[in-house]
Amino acid sequence: MKSIEIQIKNNLAIITLNRPEVFNSFNREMALALQIALDDCEVNPEVRAILLTGSGKAFCAGQDLKEVTSPELNPGFKAILDEHYNPIISRIRNIEKPVVAAVNGVAAGAGANIALACDVVVASGLASFIQAFSKIGLIPDSAGTFFLPRLIGFQKASALMMLGDKVSAEEAEKLGMIYKVFSAEIFMEEAEKIAITLSQMPTHGLALTKKALNASMQNNLNDQLKLESKYQIEAAQTEDYREGVNAFMEKRKPNFIGK
């Protein structure tokens, strides 16, 4: 069984973490396969949006502890971070296509933080989020200490990381950790609907929005205003901008092509 499955339809790539027998926890094979899948999506012109989800009952339980406790399998923490998780986070944030996380079940440890690094996060009512690192004496990785305080505030993030509390999907939505929760019965249908909507939008403009949001994490106000001006001028030169304006004036649905 492949540890990563990818399906492309309606300009949408659905990437599924596929180790359900271990709640889609990461081993080296799956981490490297996910990077390859994201790279393939980046260069595939047919793909205009990406949906990341998990098979079975879980989204992702984080690191497969069997790998790190088996001497013959353990690549070491430096390799796990430098070669597995950090490149995954960098790819998600830098790929010039919207990435939607469809959290179908528990998202723990690195699994939770990979989801939170995505552009839009939706969850099933059965899902939950856990910063599980403190339970085994580790610190949050996969950019958890970067994104979570920015999403929900320093104090709440600090408490969740130190106490390792489980956060329900409903609470995560209230905290601003994720975008929306859907009942389990309609969850995947609604998640795909959001991702397909993004794939049909002016995706070059969305890519520039993503770049601006990334830069906002470190820019001061003046730098951000300059960057917005630069990207707005670039967006105004696209075919999609012209199509959007013409469609508005002509009172019709626009046909965006991502250019």
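Buried means under 20% relative accessible area, exposed means over 50%, and partly exposed lies in between (1.4 Å probe, protein chains only). I kept these cut-offs for every entry below.

I am working on a predicted model, where local features need pLDDT of at least 70, side-chain atom pairs count only at pLDDT 80 or more, and totals for chains, interfaces and linings use all residues. Residues are numbered from 1 along each chain as its sequence is written, and side-chain values use heavy atoms, with hydrogens and water left out.

**Entry 1: salt bridges.** I took a salt bridge as a side-chain nitrogen of Lys or Arg within 4 Å of a carboxyl oxygen of Asp or Glu. By this rule I have twelve salt bridges.

I looked up Lys78 and found a salt bridge to Asp82, with the closest N and O atoms 2.7 Å apart. Both residues lie in helix α3, four residues apart, about one turn of the helix. Helices (H or I, at least four residues) and strands (E, at least two) are DSSP runs, numbered from the N terminus. Lys78 is exposed at 65% relative accessible area, while Asp82 is partly exposed at 41%.

Glu192 pairs with Lys9, the closest N and O atoms being 3.1 Å apart. I noted Glu192 as buried at 18% and Lys9 as partly exposed at 28%.

Arg252 and Glu250 meet in a salt bridge of 2.6 Å, N to O; Arg252 is partly exposed at 35%. I also logged a network of salt bridges linking Arg93, Asp119 and Lys210.

**Entry 2: Glu67.** Glu67 sits in helix α2 (residues 65-69). Contact means heavy atoms within 4.5 Å. Setting aside neighbours within four places in sequence, I list among the contacts of Glu67 Phe26, Arg28, Pro75 and His84.

**Entry 3: α1 against α3.** Helix α1 (residues 28-43) packs on helix α3 (residues 77-94) at an angle of about 20°, with the axes 9 Å apart. That makes α1 roughly parallel to α3, a term for angles under 35 degrees. Axes are lines fitted to C-alpha atoms, for helices over the stretch in contact, and angles run from 0 to 180 degrees between N-to-C directions. Arg28 is one of the α1 residues that meet α3, and His84 is one of those on the α3 side.

Key. Parallel < 35°, antiparallel > 145°, perpendicular 65-115°, else oblique.
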